[in-house]
Amino acid sequence: REDKEVEDKEVCIYDPSKNLLNECDRVGTISFHEVFLSPMGRVDVAEFLIERNVSVDITPPCGNSLRKLVYRPTPFGASTMHDLIRNHIVKIEKVEDGRCWGCGETGENFSYCTQCKKAPYCSRSCQKQHWRIHKADCQDPDENYSIQLSRPPAEAQFQINGEYKRPNGVDVDELFWVKVQCDLLNKGPHMVYDKSRSCKFFIMHGASGHLELFNRIKGAKAFSGTKLYFKAAFDGSGNFRVYPNISSTTKKW
């Protein structure tokens, strides 16, 4: 190199496939987290980030994803910032079925993975290219699979002033939504109730469905893994059945 001139070259390190707003800064903070946690309440900046598709699911080294943070209870209730981001999350979840899992484009008349029937694709080529990613999560979600939850002891029901019974206005074998709130350490009972709260009871620790529902709820992205909505029904004998493969995070009660 002593006899040769070394030519200076400009190297572009910009990667157009990355959204730099999703990257951690030098102190390990992500832009959306910083805006959400700031006492300034800059809703306008949050709207700016939402318009640019900044993710709510990235977990920085120092904490939880924004999706989990925004559903944590606060002593002062939900702020305008909370409502804005929660509404954004609801919109994201509602359009997931209308977005190609391969290229991310939105549209209609997508074809779905024939095995899991969940992953939509705009073309066969997108599906083939995405298979190496999707195959790890692809499984047939048997929506008819259900767990019968036993009637809790009378003393447990007295504590919450609830009843193990069909909700008002719901017929035998008719599906309805229930919310299941789990014990954080999986050592106590989980609470189950419908929107009207005319059906409200505990799943006692060690009872049928207690562990499986806990694992389903902890694996969910929303509500910090503390609660989830499931379809359920009462049969003609008055037995309650919950359907773990039919769940939602978008209800508001």
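Are Phe 201 and Phe 240 buried or exposed? Phe 201 is buried, and Phe 240 is buried as well; buried means under 20% relative accessible area, exposed over 50% and partly exposed in between, with a 1.4 Å probe and protein chains only. The model is predicted: local features need pLDDT of at least 70, side-chain atom pairs count only at pLDDT 80 or more, and totals for chains, interfaces and linings use all residues. Residues are numbered from 1 along each chain as its sequence is written, and side-chain values use heavy atoms, with hydrogens and water left out.

**View 1. The open sheet.** An open sheet is formed by 6 strands in the order β3-β8-β7-β4-β5-β6, with antiparallel pairing. Strands (E, at least two residues) and helices (H or I, at least four) are DSSP runs, numbered from the N terminus. Two strands pair if DSSP finds at least two bridges between them. β3 (147–149) and β6 are the edge strands, each pairing on one side only. From one strand to the next, the twist averages 40°.

**View 2. Strands β4 and β7, with helix α7.** β4 and β7 pair in the antiparallel sense over 6 bridges. Trp 177 has Lys 231 of β7 as its bridge partner. Helix α7 (residues 210–218) packs on the sheet and touches β3, β4, β5 (190–194), β6, β7 and β8; contact means heavy atoms within 4.5 Å. The direction of α7 makes about 135° with that of β7. Axes are lines fitted to C-alpha atoms, for helices over the stretch in contact, and angles run from 0 to 180 degrees between N-to-C directions.

**View 3. An aromatic cluster.** Tyr 164, Phe 176, Phe 201, Phe 234 and Phe 240 form one aromatic cluster. Rings of Phe, Tyr and Trp (its six-membered ring) pair if their centres lie within 6.5 Å; planes under 30 degrees apart count as stacked, over 60 as edge-to-face and the rest as tilted. The whole structure holds 9 aromatic pairs.

**View 4. Helix α5.** Cys 126, Gln 127, His 130 and His 134 are buried in helix α5 (residues 124–134). The face turned away from the buried side of α5 carries the exposed residues Arg 124, Lys 128, Gln 129 and Arg 132. The buried residues of α5 pack against β2 (120–121).
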